Amino acid sequence: MAKINVLPRQVAELIAAGEVVERPASVIKELVENSIDAGATAITVEIQRGGVTYMRVTDNGCGIAADEVKTAFLRHATSKLKTENDLNSIGTLGFRGEALAAVSSVARVEILTATEDSISGIRYAISGGVEDDFSEVGCPKGTTIIVRDIFFNTPARMKFLKTDVAESNAVAQIIDRIALSHPEIAFKFIRDGKRTLTTNGDGKLSSAIYAVLGRDFYSGLIPAENSQDGVGVSGYVCKPVYCRPNRNGQYFFLNGRLVKSGTAMAALEQAYKNSAMVGKFPYCVLNITVPFEAVDVNVHPAKTEVRFTDEKRVFSAIYYAVKNALMQGDSRPEMRIDVQKNRRFEHMSVEQFRQTAISEASRPAPKAAAPIPKSEPKVSPFVQNEHRVFKTEVSVPESKPLRLSDSGVEVYSAMLKNTPVEAKPQKAEPKPIAPEPQKVIEPELPKTEKTEAPVRDVKYIGEVFSTYVVAQMEDAVYLIDKHAAHERIIFEKLKASAKPEQQLLLSSVAVTLTGDEHTAIVENIPLLQKFGFEVEDFGAGSVLVTAVPSVLSDTDIKSVISEIAQSINNTGAVSVERLDDIYHIVACRSAVKAGNLSTAYDLSELAKRVLSSDDIMYCPHGRPVAMKLTRREIEKQFGRIQ
């Protein structure tokens with residue numbers, strides 16, 4: 001066995017520095033956090049070449065006393081901890097006492113600092129852990145730390161650094177996140193001589209978000225706030241329609257510290273379930289406050305990972321903060337039309353407009369399209385749950401082409417000449433005897449569930465592409481996806497009922513499943529009974545279905561059972577939240593499909609139901625149910641308003 005040696009001080013410091021200093025961004029993070037702990041209200045960060053050659057952090061904090069400057073660069077030297085009991089209530093960002101020691105061991109460091117009551121300041125320079133200078137200088141209150149030539153004495157680490165642009169971007173991300181967590185501090189970030197970030201430090205999170213993340217990010221946010229069981233949550237979350245294909249926009253701050261928390265992420269995404277599209281993730285900026293003794297921040301050297309003493313309490317506080325925000329602050333998405341593409345005639349003179357209109361009118365008429373074969377309309381299931389089906393048959397009289405009579409030609413010619421025309425007497429034609437009007441029996445309105453929301457004045461206009469319902473309410477036109485809307489209505493009805501109405505099958509349906517699917521169904525038969533399914537183990541990897549929810553009476557039962565089995569396998573152990581997946585499947589399968597022909601009465605009732613309730617805004621998969629086109633947007637296209 002090799003002999004055990006005690007490492008020299010310099011080698012030990014280089015190894016310890018590797019836990020804290022990985023790249024220039026790590027240095028900036030440690031120095032800025034120290035400035036925040038010093039009570040600074042203004043912090044300026046400047047870098048050159050990604051921070052590899054030059055970094056400077058200036059603050060207006062309390063400064064360091066002259067007799068403590070050298071001590072601050074020793075390992076495990078800190079003003080934030082004194083006894084082991086202090087570890088149970090860490091309220092500062094830096095507390096390990098390794099930042100300055102680690103940085104100075106792998107770079108050339110210079111510090112200028114002065115306290116409020118000192119006459120002059122102190123300049124202290126240290127390179128690679130060796131002191132170079134200690135002298136009095138004139139400097140303002142606060143601290144300025146300059147770091148040059150990082151890893152100058154450890155060239156092996158230099159080769160792991162990325163390009164200057166990549167390192168600069170990493171530093172910018174650190175500054176962005178810290179600026180979001182402390183909107184009360186005015187930050188400036190100077191990158192290669194150019195100022196790229198400025199926050200005003202007014203204490204408003206919305207101002208910091210706008211300055212750091214931009215207008216597009218900010219425009220999709222709604223406020224969220226909740227406080228329960230000693231856990232406070234405040235900040236902003238995005239509307240479901242703005243969800244992104246990744247989680248890069250999720251910012252969680254715990255007691256002012258940026259953290260990575262699986263609990264917070266799971267609570268956020270669970271609150272968006274049934275509202276966000278599948279494969280899309282919400283973004284947010286949330287501040288979480290918990291008692292210091294209820295969290296352990298000393299889990300990771302970089303202090304980005306934390307551990308809670310009560311994960312369930314934190315999960316619940318975040319979940320209800322986000323859920324309440326979505327219920328109160330979300331609204332239907334509005335349609336926007338690119339105005340620039342519709343200004344063809346805006347700059348034309350009167351003569352140019354006439355010539356354009358004449359040339360377009362003289363174009364040959366397009367050939368008539370081949371007649372579409374008539375098909376029997378499918379019955380809409382919007383009101384099937386009420387045991388009534390309504391069919392509307394409208395007979396349109398055969399139209400005849402209009403012809404311009406001789407007198408009509410003369411009238412038209414007179415209009416051009418601006419001269420009066422004597423009307424010629426017309427031969428009276430015998431009026432056809434109209435048949436007696438038949439008594440129209442109005443269909444009885446289907447029974448609907450009682451809701452607190454009053455029915456609003458919704459005018460049904462029509463349907464396009466056999467998919468989208470067009471309706472008017474107040475000063476806006478709405479396009480409603482009938483499948484998404486009907487799916488959401490069924491989904492909410494299933495969740496509200498203790499047990500869905502059940503339909504016994506005339507003949508049992510045997511469903512053959514894979515091994516995992518068969519196990520999932522058999523082990524969850526009591527769960528399926530809650531949804532209205534009656535399933536028995538048929539042996540040999542098969543199950544026998546004898547009853548289904550009434551909304552699925554006309555659906556392919558085999559595919560539904562197989563899909564439910566796959567969902568159970570994907571979600572693992574069944575919980576209250578995961579039961580929604582089965583509701584999704586049942587609602588989606590039973591809802592009317594896009595392309596199906598529906599009666600005008602059914603579509604009118606659907607439009608009233610959707611627009612009278614602000615809860616029906618997204619299908620269970622997260623797609624929007626309705627899009628809003630305001631009257632103002634329409635009038636802008638026709639040039640009525642600017």
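This is a predicted model: local features need pLDDT of at least 70, side-chain atom pairs count only at pLDDT 80 or more; totals for chains, interfaces and linings use all residues.
1. Helix H4, which spans residues 99-106, has eight of its eight residues buried, so this helix is largely enclosed by the rest of the structure.

2. The chain has 642 residues, and 41% of them count as buried. Its accessible surface comes to about 37500 Å², with 53% of that area belonging to carbon and sulfur atoms.

3. The contacts of the protein chain deserve a remark. Among those with a separation of 6 or more, 70% are accounted for by residues 24 or more positions apart.

4. Aromatic rings form a further topic. Rings are paired when their centres lie within 6.5 Å, and by this rule the count comes to six aromatic pairs. In one of them, Tyr-210 and Tyr-218 have ring centres 5.7 Å apart and planes at 75°; the pair is therefore edge-to-face, since planes over 60 degrees apart are classed in that way. Tyr-210 is partly exposed, with a relative accessible area of 43%, and Tyr-218 also counts as partly exposed, at 30% relative accessibility.

5. Phe-217 and Tyr-283 form an aromatic pair of the tilted kind, with 4.3 Å from centre to centre and 45° between the planes. Phe-217 belongs to helix H8 (residues 215-219), whereas Tyr-283 is in the loop between helix H9 (262-271) and strand S13 (284-289), so the pair ties together parts that are 66 residues apart in sequence. Phe-217 is buried, its relative accessible area being 4%. Tyr-283 counts as buried too, at 3% relative accessibility.

6. One aromatic cluster is formed by Phe-73, Tyr-124 and Phe-134. Phe-134 has a charged neighbour as well: Lys-70 lies over the face of this ring, at 4.8 Å from the ring centre.

7. A charge over a ring is also found at Phe-152. There, Arg-108 lies over the face of the ring, at 4.0 Å from its centre.

Note on methods: Residues are numbered from 1 along each chain as its sequence is written. Side-chain values use heavy atoms; hydrogens and water are left out. Rings of Phe, Tyr and Trp (its six-membered ring) pair if their centres lie within 6.5 Å; planes under 30 degrees apart count as stacked, over 60 as edge-to-face and the rest as tilted. Buried means under 20% relative accessible area, exposed over 50%, partly exposed in between (1.4 Å probe, protein chains only). Helices (H or I, at least four residues) and strands (E, at least two) are DSSP runs, numbered from the N terminus. A charge sits over a ring if NZ of Lys or CZ of Arg is within 6 Å of the ring centre and within 35 degrees of the ring normal. Contact means heavy atoms within 4.5 Å. Accessible areas come from the Shrake-Rupley method with a 1.4 Å probe; for residues, only the protein chains shown count as cover.
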